[in-house]
Amino acid sequence: AVLAMASSPDYDLNDPSTVIDSVLQQNLAELQEDESVSEEEYAAALSQAQFQQWSNKCLNTEYEPGSTFKPIAVYAPAIEYGYINYSSTVEDTPLRLDIDADNELEEWPVNFTGVYQDHPVTVQWALMVSANAPAAHIGYNMLGVQNSFNFVTEKLGFTSLSAKDDVTASAMILGGMSRGVTVREMAASYQIFGNGGKYYEPYSY
């Protein structure tokens, strides 16, 4: 896969310490004029501004993927391992889990609409409307959270996930990560749907 990327703000490779982004420059100027801002605080703000312009938003910055993670972390591995197919049916009802480890069962997850169908729905429909509850039944009851984590890290090249924090139902099923994943990882992972299920390590230039 060939990925095209654009990152902003940019910086001069020959003078990387100089902040050239106009917004960052304005913020620094206001801090410099503010007599209540100490030298240490300004230095910290300058370092943060430099880091912002050096950071590539596609390669280095991590974001919570949310529901865009469900196709690759729930549906793809469940199909791969034979738990479901395109016309399988799954319940659109909440699970009852001890989410907070306090011995209290709670209904989870909530669909975006706040409404459950309360009957089996097709995988096609669940994916089309991005329903949370059917994905939870597949990811938690059929596939297993650890298998989901293993699939995306071993087969789809994800390296930004945390084995300590992200092997949870909310992270792997609904995309609520402790840190997140990169744009490059997400773009690369989605290629499997157009490549007959095959993943190729991406390169960028």
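The legends below describe close-up views of a predicted model.

Local features are reported where pLDDT is at least 70, side-chain atom pairs count only at pLDDT 80 or more, and totals for chains, interfaces and linings use all residues. Residues are numbered from 1 along each chain as its sequence is written, and side-chain values use heavy atoms, with hydrogens and water left out.

**View 1. Helices H1 and H2 pack against each other.** Two packed helices are described by the angle between their axes and the distance between the axes. Helices (H or I, at least four residues) and strands (E, at least two) are DSSP runs, numbered from the N terminus. Axes are lines fitted to C-alpha atoms, for helices over the stretch in contact, and angles run from 0 to 180 degrees between N-to-C directions. H1 covers residues 22–33 and H2 covers residues 39–54; their axes are 10 Å apart, at an angle of about 180 degrees. H1 and H2 are therefore roughly antiparallel (angles under 35 degrees count as roughly parallel, over 145 as roughly antiparallel, 65 to 115 as roughly perpendicular and the rest as oblique). From H1, Leu 24, Leu 28, Leu 31 and Gln 32 meet Tyr 42, Ala 45, Leu 46, Ala 49 and Gln 52 of H2, where contact means heavy atoms within 4.5 Å. The residues of this contact divide into seven nonpolar, two polar and no charged (Ala, Val, Leu, Ile, Met, Phe, Trp, Tyr, Cys and Pro count as nonpolar, Asp, Glu, Lys and Arg as charged, and the others, Gly among them, as polar).

**View 2. Glu 41 lies in helix H2.** With a relative accessible area of 47%, Glu 41 is partly exposed (buried means under 20% relative accessible area, exposed over 50%, partly exposed in between, with a 1.4 Å probe and protein chains only). Glu 41 and Leu 31 are ten residues apart along the chain, and 8.8 Å separates their C-alpha atoms.

**View 3. Helix H3 crosses helix H6.** The axes of H3 (residues 70–80) and H6 (residues 145–154) come within 9 Å and cross at roughly 95 degrees. H3 is therefore roughly perpendicular to H6. H3 contributes Ile 72, Ala 73, Ala 76, Pro 77 and Glu 80 to the contact, while H6 contributes Ser 148, Phe 151 and Val 152. Six of these residues are nonpolar, one is polar and one is charged.

**View 4. Helix H3 is largely enclosed by the rest of the structure, because nine of its eleven residues are buried.** The buried residues are Lys 70, Pro 71, Ile 72, Ala 73, Val 74, Tyr 75, Ala 76, Pro 77 and Ala 78. They pack against H4, H5, H6, H7 and helix H8 (183–189). Just after H3, Gly 82 takes a positive phi of about 80 degrees.

**View 5. The largest nonpolar core holds 34 residues.** Such a core is a set of buried Ala, Val, Leu, Ile, Met, Phe, Trp, Tyr and Cys residues joined through side-chain atoms within 4.5 Å. Phe 69, Val 152, Phe 158 and Leu 161 touch the most other members. At least two residues each come from H3, strand S4 (95–97), helix H4 (123–129), helix H5 (132–143), H6 and helix H7 (169–174). H3 supplies the largest share, six residues. Not counting residues up to four places away in sequence, Val 152 touches Phe 69, Ile 72, Ala 73, Gly 157, Phe 158, Leu 161 and Met 172.

View 6. Rings of Phe, Tyr and Trp (its six-membered ring) pair if their centres lie within 6.5 Å; planes under 30 degrees apart count as stacked, over 60 as edge-to-face and the rest as tilted. Phe 69 and Phe 158 form an edge-to-face pair, 5.7 Å centre to centre with 90 degrees between the planes. Phe 69 lies in the loop between strand S2 (62–63) and H3, and Phe 158 in the loop between H6 and H7, so the pair ties together parts that are 89 residues apart in sequence. Phe 69 is buried at 0% relative accessibility, and Phe 158 is buried at 3%. Tyr 190 and Phe 193 also form an edge-to-face pair, 5.4 Å centre to centre with 70 degrees between the planes. Tyr 190 is partly exposed at 32% relative accessibility, and Phe 193 is partly exposed at 45%.
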